[in-house]
Amino acid sequence: MHELHALPDSTRELLVTFLDGEDNADGLDFVATHGFLSALTVGPRIPELSIWLKALFDDQPVCADANKAQTITDALIAWQKEIHATLYHGQPLELPCPLTLKTNEPTDLNDWCVGFMEAMFLAEDNWYEGDEDLIADLTLPMMVLSDLIDEPELQPLRQDPKLSRKLAQQIPDVLTELYLHFHAPKTN
């Protein structure tokens, strides 16, 4: 990762404490927020800050305390920049959770996928412009593992533990592919 955009440990701890704490009753937790910021980063265009903050915190203020809200907002922006720098410099993105699933029990990876899909829903039409089939294939792991899309054809994938594990293992590579698809210079 590019050191200029590495998130300091103190900032990461601040985010873990806030996002997984009682002060964040309406927003996504730490792991889901990483999924959310990852989707913002790899997607075609990042929506305005005010739009994605509202989505991240379910249309509620970040925090009642204005100073703390600004500190958390700045930390989230820095975290998104760290994710971008990692991908920009050709490094695989490490998720803040294991790439493992449990039968009939939600895991942190499922939460990460929920966060990813929530951010994708902000500008879903933009994602599918140009190459709908490719994007549908690349986002399939997150669609299946988030369990947010209620399509009959996804149920067999969710119910097959071996296939679900395979989809989970693909996520870091898929993130790189999505990032390159939307952000690498197009050659003729």
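**Spaces and helix packing**

Modeller: The structure holds one cavity of 30 Å³ or more. On a 1 Å grid over the protein atoms alone, a cavity is a set of points where a 1.4 Å probe fits but cannot get out; a pocket is an open set with protein on both sides within 12 Å along at least five of seven lines. Lining residues have an atom within 4 Å of a point. Points are joined across faces, edges and corners, and a volume is the space filled by probe spheres set on them.

This is a predicted model, where local features need pLDDT of at least 70 and side-chain atom pairs pLDDT 80 or more, while totals for chains, interfaces and linings use all residues. Residues are numbered from 1 along each chain as its sequence is written, and side-chain values use heavy atoms, without hydrogens and water.

The largest cavity has about 30 Å³ of space. Ala39, Leu40, Arg45, Pro47, Ala119, Ala123 and Trp127 line it. Six of these lining residues are nonpolar, none is polar and one is charged. Nonpolar covers Ala, Val, Leu, Ile, Met, Phe, Trp, Tyr, Cys and Pro; charged covers Asp, Glu, Lys and Arg; the others, Gly among them, are polar.

The largest pocket has about 480 Å³ of space. Of its 20 lining residues, Lys102, Asn104, Glu105, Asn110 and Arg158 are the closest to its centre. Its lining has six nonpolar, seven polar and seven charged residues. Helices are DSSP runs (H or I, at least four residues), numbered from the N terminus.

H5 (residues 108-122) and H7 (residues 132-146) pack at about 115 degrees, axes 8 Å apart. Axes are lines fitted to C-alpha atoms over the stretch in contact, and angles run from 0 to 180 degrees between N-to-C directions. The H5 and H7 crossing is left-handed (near helix turned anticlockwise from the far one by less than a right angle; clockwise is right-handed). In contact (heavy atoms within 4.5 Å) are, among others, Asn110, Trp112 and Phe116 of H5 and Pro141 and Met142 of H7. The contact residues divide into 11 nonpolar, three polar and no charged.

Conventions. Helices (H or I, at least four residues) and strands (E, at least two) are DSSP runs, numbered from the N terminus.
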